[in-house]
Amino acid sequence: MAVDEQLKIEMGKQGVIVTSLQELYNWGRRNSVWPMQFGLACCAIEMIATTMARYDMARFGAEVFRPSPRQADMMIISGTVTKKMAPQVVRLYNQMGEPKYVIAMGACAISGGPFKQGYNVLKGIDRYIPVDVHIPGCPPRPEALLQAFITLQKKIDGQVLTGEGRPRHLDAEAQSIFPVPEQGEHDLEPTSNKGLWTVPTIIR
Amino acid sequence: MGSNSYLSLAVFFFVALAFGLGPLALAWVWAQVFSPKKPNAVKNAIYECGLESKGDAWVQFRSAYYLYAIIFLIFDVEAIFLLPFAVAFTGLGAAACISMLIFVLLLVEGLAWAWAKGVLTWA
């Protein structure tokens with residue numbers, strides 16, 4: 001079904017634009033990814049800087065920070081996720097409408113970072129929700145967040161509408177709810193959501 | 001020719017209707033074909049700040065709050081009219097002063113009535 005890339009360029013030169021429904025859909029989606037307006041820690045300052053005039057995230061169509069999860073497409077986990085905050089983050093993720101994407105920004109969000117040994121710090125948000133792009137750094141520079149966003153756009157661009165390997169939001173059988181953890185006696189329960197993350201085996 | 005002018009209006013109406021409903025219909029068709037609905041309890045929760053809502057939203061407020069707000073209006077209206085009156089006071093005659101007194105007395109009467117009713121006593 002896909003039109004040959006060379007043929008498309010050739011036709012473009014003649015003033016004929018050829019596209020497919022899937023390309024049109026992905027083009028629209030990747031250029032209007034609205035992030036959710038919430039910051040968790042110091043990385044949020046870098047996220048704010050990214051949206052301001054100097055780095056201008058609006059160039060990529062992601063400047064409309066929504067204060068409600070219902071209107072947002074992307075969640076930027078910007079900072080340390082404490083075990084007290086984790087259930088709220090997971091609940092907000094569940095309340096976002098599909099399709100939804102997650103960028104884990106900074107060392108804390110991807111692994112717990114410098115606070116990894118802390119009793120109250122979640123060691124990576126990917127234990128509870130599926131993360132699309134991880135950015136290392138403490139904090140990552142605004143350029144790094146833009147890089148992550150461009151990576152996400154490329155990912156959206158590559159998604160297929162039908163058949164095997166189509167994204168979760170187009171698949172009726174795919175998992176739609178990611179259980180919200182609860183405060184247990186010593187830790188969050190469960191400590192991670194099944195199918196997303198497995199406890200790594202330590203090789204000594 | 002009279003009927004023709006109305007015909008153009010009708011055409012305009014239907015085009016406008018299609019212009020509005022067309023995209024909605026397309027979005028609906030798209031949702032039916034491609035994006036399956038997957039509602040769940042967490043997603044459908046009314047409150048969306050991340051926390052679970054506790055209790056019922058249909059709580060009763062004391063009517064005393066409402067009465068206080070209404071009585072506040074007495075002073076509010078009074079101030080609005082008293083200020084221009086005070087500014088123009090030196091140039092006013094006796095009739096203006098008496099009518100202003102009556103106006104203020106009317107408002108004070110309302111306050112006195114509320115006071116007598118025991119509205120000002122916060123129990």
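Predicted model: local features only at pLDDT ≥ 70, side-chain atom pairs only at ≥ 80, totals over all residues.
User: At what angle do H3(A) and H6(A) pack, and how far apart are their axes?

Analyst: Residues are numbered from 1 along each chain as its sequence is written, while chains are lettered from A and ligands numbered from 1 in the order in which they are written. H3(A) and H6(A) pack at about 75°, with their axes 9 Å apart. The axes are lines fitted to C-alpha atoms, for helices over the stretch in contact, and angles run from 0 to 180 degrees between N-to-C directions. Helices (H or I, at least four residues) and strands (E, at least two) are DSSP runs, numbered from the N terminus.

User: What makes H3(A) roughly perpendicular to H6(A)?

Analyst: Angles of 65 to 115 degrees count as roughly perpendicular, under 35 as roughly parallel, over 145 as roughly antiparallel and the rest as oblique. The angle here is about 75°, and that makes H3(A) roughly perpendicular to H6(A). The contact (C-beta atoms, placed from the backbone, within 7 Å) is made by Glu46(A), Met47(A), Ala49(A) and Thr50(A) of H3(A) with Pro142(A), Leu145(A) and Leu146(A) of H6(A).

User: How do the residues of the contact of H3(A) with H6(A) divide by class?

Analyst: The contact has five nonpolar, one polar and one charged residues. Ala, Val, Leu, Ile, Met, Phe, Trp, Tyr, Cys and Pro count as nonpolar, Asp, Glu, Lys and Arg as charged, and the others, Gly among them, as polar.

User: Why are H2(A) and H6(A) called roughly antiparallel?

Analyst: The axes of H2 (residues 21–30) and H6 (residues 142–157) of chain A cross at roughly 160° and come within 9 Å. H2(A) and H6(A) are therefore roughly antiparallel to each other. The crossing is right-handed; the rule is that the near helix is turned clockwise from the far one by less than a right angle, whereas anticlockwise gives left-handed. Asn26(A), Arg29(A) and Arg30(A) in H2(A) meet Gln153(A), Ile156(A) and Asp157(A) in H6(A). By class, these are one nonpolar, two polar and three charged residues.

User: What makes H2(B) roughly antiparallel to H3(B)?

Analyst: H2 (residues 63–87) and H3 (residues 94–117) of chain B pack at about 165°, with axes 10 Å apart. That angle makes H2(B) roughly antiparallel to H3(B). Their crossing is left-handed. Among the contact residues are Ile71(B), Phe81(B) and Phe85(B) of H2(B), and Met100(B), Leu107(B) and Ala114(B) of H3(B). The class count is eleven nonpolar, one polar and one charged residues.

User: How do you know that H2(B) lies largely in the open?

Analyst: A residue is buried if 20 or more other C-beta atoms lie within 10 Å of its own, exposed if 12 or fewer, and partly exposed in between, with C-beta atoms placed from the backbone. Of the 25 residues of H2(B), the number buried is zero, so H2(B) lies largely in the open. H2(B) reaches 37 Å from its first C-alpha to its last, close to the 36 Å expected, where the expected span is 1.5 Å times one less than the number of residues.

User: Which residues does a cis peptide bond join, with omega about -10°?

Analyst: That bond joins Glu98(A) and Pro99(A). Pro99(A) lies in the loop between H4 (86–95) and E2 (101–105) of chain A. A cis peptide bond also joins Glu189(A) and Pro190(A), with omega about -5°.

User: How many helices and strands does chain A have, and what share of its residues count as buried?

Analyst: Chain A has six helices and five strands, and 33% of its 204 residues count as buried.

Notes: Contact = placed C-beta atoms within 7 Å.
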